[in-house]
Amino acid sequence: GATVHMIWRGTAGGVGLQYDISTDHGDTWAADQNVPTAASGNDRYGSFSCDRNTGDLCVVWDRQTTDDDWTIMARSKIGGTWQADVQISKISHKEQRNNYNSPEVFMQGSKVYAVWIDYRDFPNQRVYYNTSIDKGLTWNVFGVPLNTPNTKKSFRIVTPPKVAGDEAGVVYSIWAESRDSNIPQIYGRSISNRSGEDELIPHNTSVPS
């Protein structure tokens, strides 16, 4: 409708992650708000998902804890009120393997799904995910692995994972990953039904993806 949500990272004076809302298609905007409870220049690379029926939203973002340590944070705005910050990932040390990590989030009614690149299994990079059933108020501990390299080395996730779903409750994530080679391939896996392993998306084996 006429409501527009926006988040961005302000860099002046180490402001960090910001949020604003417009209720007239973007013609006018309210005052900027801090997404984290305490504004910090260490909060960056966020994304959000919105429930169009209620206007509730959930934001996830990367938080740099020290020079090389990172974790994933989440915060929900429910009924127009910001809730408490929640740490949804363990702190991981990434050894400068990627310059950034952009977590993604998908909201489906009261269920929320977040995916990100995780470095806790160093030297392997992994795709992790976490879920919430109360719009992001509480989460399933610190997340679980999504990709399943098995005996192969998952040494580089070359693109941040994406996540989406449909009205039937199916939720799926894709990402690009290098396994045992420098050639990245596109993989995907269902989050709503994790009985199967991840799958290679391109089926044309004549050229790499």
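Tutor: Let's start with a cut-off: a residue is buried when its relative accessible area is under 20%, and exposed when that area is over 50%. Keep in mind that this is a predicted model.

Student: Okay, why is aspartate 62 called buried?

Tutor: Its relative accessible area is 0%. The cut-off is under 20%, so aspartate 62 counts as buried. You'll find aspartate 62 in strand 5, residues 57–64.

Student: How far is aspartate 62 from arginine 179?

Tutor: They're 117 residues apart in sequence, and 25 Å apart in space from C-alpha to C-alpha.

Student: What does arginine 179 lie over?

Tutor: The face of tyrosine 187, at 4.0 Å from the ring centre. The distance limit for a charge over a ring is 6 Å, so 4.0 Å passes that part of the test. Arginine 120 has its charged end over the ring of tyrosine 128, with 3.9 Å to the centre.

Student: What makes tyrosine 19 and tryptophan 82 an aromatic pair, and why edge-to-face?

Tutor: Two values decide that. Their centres are 5.2 Å apart, and the limit is within 6.5 Å, so they pair. The planes make an angle of 85°, and over 60 degrees means edge-to-face. By this rule the count is one aromatic pair.

Student: Which parts of the chain does the pair tie together?

Tutor: Tyrosine 19 belongs to strand 2 (residues 16–22) and tryptophan 82 to strand 7 (residues 81–82), so the pair links parts 63 residues apart in sequence. Tyrosine 19 has 1% relative accessibility and is buried. Tryptophan 82, at 15%, is buried too.

Student: What makes strand 10 and strand 13 the edges of their sheet?

Tutor: The sheet is open, with four strands in the order 10-11-12-13 and antiparallel pairing. Strand 10 (104–108) and strand 13 (144–145) each have a single partner strand, so one side of each lacks a neighbour in the sheet.

Student: How do you know that strand 11 and strand 12 pair?

Tutor: Count the bridges: strand 11 (residues 111–118) and strand 12 (residues 126–132) have seven, in the antiparallel sense. At least two are needed, so the two strands pair. Within them, valine 115 stands opposite tyrosine 129 of strand 12. Isoleucine 117, also in strand 11, is ten residues from valine 127 in sequence but 4.8 Å from it in space, C-alpha to C-alpha. With 2% relative accessibility, isoleucine 117 is buried.

Student: How many cavities of 30 Å³ or more does the structure hold?

Tutor: One. The largest cavity has a volume of about 40 Å³. Its lining includes Trp70, Ile72, Trp116 and Ile117. Strand 6 (69–78) and strand 11 are the elements giving two or more residues to that lining.

Technical notes. Residues are numbered from 1 along each chain as its sequence is written. This is a predicted model: local features need pLDDT of at least 70, side-chain atom pairs count only at pLDDT 80 or more; totals for chains, interfaces and linings use all residues. Side-chain values use heavy atoms; hydrogens and water are left out. Rings of Phe, Tyr and Trp (its six-membered ring) pair if their centres lie within 6.5 Å; planes under 30 degrees apart count as stacked, over 60 as edge-to-face and the rest as tilted. Buried means under 20% relative accessible area, exposed over 50%, partly exposed in between (1.4 Å probe, protein chains only). A charge sits over a ring if NZ of Lys or CZ of Arg is within 6 Å of the ring centre and within 35 degrees of the ring normal. On a 1 Å grid over the protein atoms alone, a cavity is a set of points where a 1.4 Å probe fits but cannot get out, and a pocket is an open set with protein on both sides within 12 Å along at least five of seven lines; lining residues have an atom within 4 Å of a point. Grid points are joined across faces, edges and corners, and a volume is the space filled by probe spheres set on the points.
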